Amino acid sequence: MTVDEFFNLFLEELKLNKKLQTYYKFLDNKSSFYFRKAYFIQRLQYIYDNVVVGKTIWDCGCGYGTTCLFLAMNGIKTYGTTLEFYFETIQKRKNYWSKYGDTSLFTCTYENIFDKHPLPE
């Protein structure tokens, strides 16, 4: 899935999921939309261009899991960790994205990374 395809589906998800709208401010301010979009797209493209395919990607502080979901939509296994309230919304997000790709490639835990060591892989 290209970054542009992901972004367009992401905008549709934002319309359905009000909890995401306070963090991702794409829908509330037309004057900053293109700036925010450019940053979002460039960031995801950079990550995609530099990820090592075949490895599991660890997203430390994954927030709402957007980067992990993007990578999962591209067949890349991801593991996210978070200590934020965002964790509660991740399953709803995975349900939305399951129509477009394999969300089982994205796993997430609510944990303090300083309490244990990263997995060897």
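Phe87 lies in helix 5 (residues 87-97). Helices (H or I, at least four residues) and strands (E, at least two) are DSSP runs, numbered from the N terminus. The structure is a predicted model, in which local features need pLDDT of at least 70 and side-chain atom pairs count only at pLDDT 80 or more, while totals for chains, interfaces and linings use all residues. Residues are numbered from 1 along each chain as its sequence is written, and side-chain values use heavy atoms, with hydrogens and water left out.

With a relative accessible area of 32%, Phe87 is partly exposed; buried means under 20% relative accessible area, exposed over 50%, and partly exposed in between (1.4 Å probe, protein chains only). Together with Leu83 and Tyr110, Phe87 makes a nonpolar surface patch of about 300 Å². Such patches are made of residues with over 30% relative accessible area and no salt bridge, like charges being joined within 9 Å and nonpolar side chains (Val, Leu, Ile, Met, Phe, Trp, Tyr) within 5 Å. The areas come from the Shrake-Rupley method with a 1.4 Å probe, and for residues only the protein chains shown count as cover.

Because Arg93 lies in helix 5 and Glu13 in helix 1, the pair ties together parts that are 80 residues apart in sequence. Both Arg93 and Glu13 are buried.

By this rule there are 2 salt bridges. In another, the side chains of Lys15 and Glu12 meet at 3.2 Å, N to O. Both residues belong to helix 1 (residues 3-16), where they are 3 residues apart, about one turn of the helix. Lys15 is partly exposed at 46% relative accessible area, and Glu12 is partly exposed at 38%.

The strands come next. Strand 1 (residues 57-60) and strand 2 (residues 78-82) run parallel and are joined by 4 bridges; two strands pair if DSSP finds at least two bridges between them. Trp58 stands opposite Tyr79 in strand 2. Strand 1, helix 4 (residues 66-73) and strand 2 make a right-handed β-α-β unit: with the strands pointing away from the viewer, the path from the first strand over the helix to the second runs clockwise.

Thr81 lies in strand 2. Thr81 is buried, with a relative accessible area of 3%. Its contacts (heavy atoms within 4.5 Å) include Trp58, Asp59, Thr109 and Ile113, not counting residues up to four places away in sequence.

Technical notes:
Salt bridge = Lys/Arg side-chain N within 4 Å of Asp/Glu carboxyl O.
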